[in-house]
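This briefing goes through a few local features of one structure, grouped by topic. Please read it with the sequence and the model side by side.

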Amino acid sequence: MLTQMIITSMAATFLLPKLPYAPDALEPVISKETIEYHHGKHLQAYVNTLNTLVEGAEYATMNLEEIVCNAPAGPLFNNAGQVLNHTLYFEQFRPVEAGGAAAPTGKLDEAIRAAFGSFEDFQKKMAAASTGLFGSGWVWLAQNAQGGLEIVQCPNAGNPVTKGLVPLLGFDVWEHAYYVDYRNRRADHIAALWQIVDWEVVAARMK
Ligand code: MN
């Protein structure tokens, strides 16, 4: 009984995910100041609010994805969604100097060619979906049940997991993601992000 209570209580406590790199490691694409606010302030606030909202509720024993897929529209969905979204977001980058593939390889490369024609066409469509999303939200590369890839625009805290899709790569188009470094130039921010995408992480998310 005691063990079960501890497990239940642990499941209800979400922690700030650790950054897999130093706060200044993504410069000049994303500044240390942006990372410190985005991860240390914005994401921490979503984590804190989520913990308050799930406490003692039926959601206390669910994991993040289950909460996102079951919560009604409102504060719980928004905060759980943002914790899930930002966890995927911060983990998908690597420092420019860390090297690594500049483009996808293997089965991710094949799936991108099958869905969009070429990697360059995929980049153009992802950029157009990012600049074309009015207001705040996310643009995702996602995998559908047939294994095919799609670009999905989600307003606010949305994540394609609610449509039965697997999120592979997420671009945060909330102004807090780029305003310090790029002011209103969302397109320039999105264009720069390609330099820091860790394609091994993205490919590992494929089912
Ligand atoms: Mn954000």
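R185 is partly exposed in this predicted model, with a relative accessible area of 40%. Its salt-bridge partner is D188, and the closest N and O atoms of the two are 2.8 Å apart. D188 is partly exposed as well, at 37% relative accessible area. In total, the structure holds 3 salt bridges.

**Salt bridges within helices**

- In helix α5 (residues 106–116), D109 and R113 lie 4 residues apart, about one turn of the helix.
- The side chains of D109 and R113 form a salt bridge with an N to O distance of 3.1 Å.
- D109 counts as buried because its relative accessibility is 17%, under the 20% cut-off.
- R113 has a relative accessible area of 47% and is therefore partly exposed.
- K32 and E36 are likewise 4 residues apart, both in helix α2, and their side chains meet in a salt bridge at 3.8 Å, N to O.
- K32 is partly exposed at 37% relative accessibility, and E36 is partly exposed at 39%.
- An α-helix has 3.6 residues a turn, so residues three or four places apart point the same way.

**Helix α2**

- Helix α2 covers residues 32–54, which makes 23 residues.
- From its first C-alpha to its last, α2 reaches 31 Å, close to the 33 Å expected at 1.5 Å a residue.
- A bend of about 25° occurs in α2 at Q44.
- Buried residues of α2 include T34, I35, H38, H39, L43 and Y46; V47, L50, N51 and V54 are also buried.
- Among the elements that cover the buried residues of α2 are α3 (64–70), α4, β3 and α7 (179–182).
- Just after α2, G56 has a positive phi of about 75°.

**Manganese site**

- Which residues coordinate the manganese ion? The donors are H38 (NE2), H86 (NE2), D172 (OD) and H176 (NE2), at 2.0 to 2.1 Å.
- Along the sequence, the donor residues follow the spacing H-x47-H-x85-D-x3-H.
- H86 counts as buried, at 0% relative accessibility, and D172 is buried with a relative accessible area of 0%.

Technical notes. Residues numbered from 1 in each chain as written. Predicted model: local features only at pLDDT ≥ 70, side-chain atom pairs only at ≥ 80, totals over all residues. Heavy atoms only, no water. Donors = N, O, S within 2.8 Å, 3.2 Å for Na, K, Ca; no water. Buried < 20%, exposed > 50% of the residue type's maximum accessible area, 1.4 Å probe, protein only. Helix = DSSP H or I, 4+ residues; strand = E, 2+ residues; numbered from the N terminus. Expected span 1.5 Å × (residues − 1). Bend = angle between axes of the 7 residues up to and from the residue. Contact = heavy atoms within 4.5 Å. Salt bridge = Lys/Arg side-chain N within 4 Å of Asp/Glu carboxyl O.
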